[in-house]
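Student: I have the sequence and the structure open now. Could we go through a sheet and then a pocket together?

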Amino acid sequence: MAGKPPASDPVQDAPEVSEPQHSAVGLPAITHALRISQQQMGVRRTALTLLRVNQKEGFDCPGCAWPEGEHRHTAEFCENGAKAVAEEATLRRVTPAFFADHSVADLADRSGYWLGQQGRLTHPMYLAEGADHYTPVTWARAFDIIGEELTALDSPDEAVFYTSGRTSNEAAFLYQLFAREFGTNNLPDCSNMCHESSGSALSETIGVGKGSVLLEDLYQADLIIIAGQNPGTNHPRMLTALEKAKAGGTKIISINPLPEAGLERFKNPQTPRGLAGGGTALTDLFLQVRLGGDQALFRALNRLILEAAADDPGAVDTEFIREHTHGYEEFAAAARADDDWDATLRATGLTREKIESALRMVLASRRTIVCWAMGLTQHKHSVPSIQEIVNFLLLRGNIGRPGAGVCPVRGHSNVQGDRTMGIFERPEPGFLDALEKEFGFAPPREHGLDVVRAIRALRDGQAKVFLAMGGNFVSATPDTDVTEAAVRRARLTVHVSTKLNRSHVVTGARALILPTLGRTERDVQSGGEQFVTVEDSMGMVHASRGRLEPASPQLLSETAIVTRLARRVLGEASRTPWAEFEKDYATIRDRIAAVIPGFDDFNAKAARPGGFTLPHAPRDSRRFPTATGKANFTTAPVEYPVVPEGRLLLQTLRSHDQYNTTIYGLNDRYRGIKNGRRVVLVHPEDARERGLADGAYTDLVSEWTDGSERRAPGFRVVHYPTARGCAAAYYPETNVLIPLDHTADTSNTPAAKSVVIRLEQPHRD
């Protein structure tokens, strides 16, 4: 029998702390995954469900976007994937009786952890204006309420259509189609908060805003560089790929302010050595870079490569540069001129010897891959930092050949697919042209709102209706107080969700919660049983088929919700066959094939076990669809955060028992944190300089150039081996410290990895 949700909200600010671990996974991961799964699902349901995760005839795990290989294990899931599946396939239920027992004010006082542990939503719920409780509502009335608010707007641009990365390709395509037929490009999504910097940098430099490697490339690489990333928690199945690469002779350089257990040693739970032995040491060289110092590090490596070419012409791939790149001479001149070692060491926090050790490994590698995640994308200078990585790869011809390339590692299971389907506030003209040709309406051409601009519009009264297809918007976004106040100004907030989260209790004047099917559940429409598709982090598209009975007969699929809403709002004026799309998802895939390059014969390809690979011109044929027709070197000046005396640079991060804003538990096993989340990790010397013993309590106060400050109170100090001058704490608890306008240049991504803070005696009112 599955366990009950916690009756009370556990204390989260008094954790037990032990030494951080130096290896990841192994038997404890199996034990923890099975314990949580059985608590949520029971024994039989756990076995039936987990054995279908990431299988060719099963469902795609919602826990990350790491790809699956051709040959898959019986247990093709990780610990955190099991947690994600367990919370979706849970036997716990949030019924209308729950909402009758709990006012919105009561729920707003609960933690995100407690809210998520209550279980699956079972009925559409409505919060009327002035009401203090949600009450049940019919689907027809829910769509009428949305229709009333949307059609009453003075402009379609007063509506915001947000999307989470777990939305399927089919639902995402229809969602953007509905928004554009309604008349707006206000389609912010979770990419705006994570890999938007990657897309911006790659689109300009190689012409495609996605990674250029496939899973097989990792096994052919001589060197893999992993920067600003923690695979052991955020995408643990990557560790299996790294172990396989190591077995083939690949070297690994890890670049990160925090040592991460998974990159130190991996104990593969699928092998005897991993379960009973010492596992595999993964990292050959650890560069403990200072927060925000990655651009300076790669600029130094590029300068050293150019210097090495004076004695070794093979250090630079001159033939590739001549045939396939643009801007090399300007880049090389800028890199050679940037020879201030003192500035480099100050920016990176590294020694010259460490950087030169990395150089030797780079020069010994014929095929190099650079992987990165949020540690690189969430700084003010993220875009030029990633462009410097592209420079680094172009110098030695490491794009467009096996075993080499760029590898931004996505988090959400279909965040890349959503963007491919057109979830983007700044769509390409060619995409809009294809949409117009296929559906016979003129899509809006003016750029819409991204996440940060959408919050500003809500704050300023310029947006009045907010619809979210999944996600937990108010907890995922920066400047918590400002964001929540902005959302509360809306006339209507609507959330399509599987589970309860904080966004359901921070509402507009009216609010709706629309419960939807999860990945694990059977999707049966009038045309028969359906499947959906997703795109992984490496551009592979494959089918996902749930098998569990839905948590409630009241649930609708995301696709059905969009189609019914579109019929209610657009009415007879729309020529789009919304009812046909709801009946049979194959008809949606036919229209996707007509609009989006690479999806020709989509239904036949999706039916193949394992799916298919989308085309990628730089990878497939060394063609670069940029403005110059070639891969572009860039010459941005080196930037890094400058921290005033006595201050620290804070990065926000996940605990191990966490997926984005979903909190599975209150432990961070690999970092030695148990039963709590309000902790700040500080180097022992930095803490001692501030008179803070391990276990002391402090307030985190962020400081900004306009003189403003923000405070996150009551954090336990943990002495931790992070880079000197740097600190780390979990989000969403620290989102309050990040102003809405503290964003990356070009991409407008919140800069959550470079927040100047001081540690102050706990504030008392």
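Student: In what order do the three strands of the open sheet come, and is the pairing parallel or antiparallel?
Tutor: Keeping in mind that this is a predicted model, the three strands of this open sheet follow the order β21-β22-β23, and their pairing is antiparallel.

Student: Which ones are the edge strands?
Tutor: Those are β21, residues 532-535, and β23, residues 612-613, each of which pairs on one side only.

Student: How many bridges join β21 to β22?
Tutor: There are four bridges between β21 and β22, the latter covering residues 540-544, and the two strands run antiparallel.

Student: Switching topic, what volume does the largest pocket have?
Tutor: Its volume is about 1200 Å³, and 36 residues line the largest pocket, with Gly207, Val208, Gly209, Lys210 and Glu428 lying nearest its centre.

Student: Which helix gives the largest share of that lining?
Tutor: That is α9, with four residues, while α9 (196-205), α22 (415-420), α23 (429-439) and α31 (617-621) each supply at least two residues of the lining.

Student: How does the lining split by class?
Tutor: The lining of the largest pocket has 15 polar, 13 nonpolar and eight charged residues.

Technical notes. Residues numbered from 1 in each chain as written. Predicted model: local features only at pLDDT ≥ 70, side-chain atom pairs only at ≥ 80, totals over all residues. Heavy atoms only, no water. Pairing = 2+ DSSP bridges. 1 Å grid on protein atoms, 1.4 Å probe; cavity = no way out; pocket = protein on both sides within 12 Å on 5 of 7 lines; lining within 4 Å. Points joined across faces, edges and corners; volume = space filled by probe spheres on them. Nonpolar A, V, L, I, M, F, W, Y, C, P; charged D, E, K, R; others polar.
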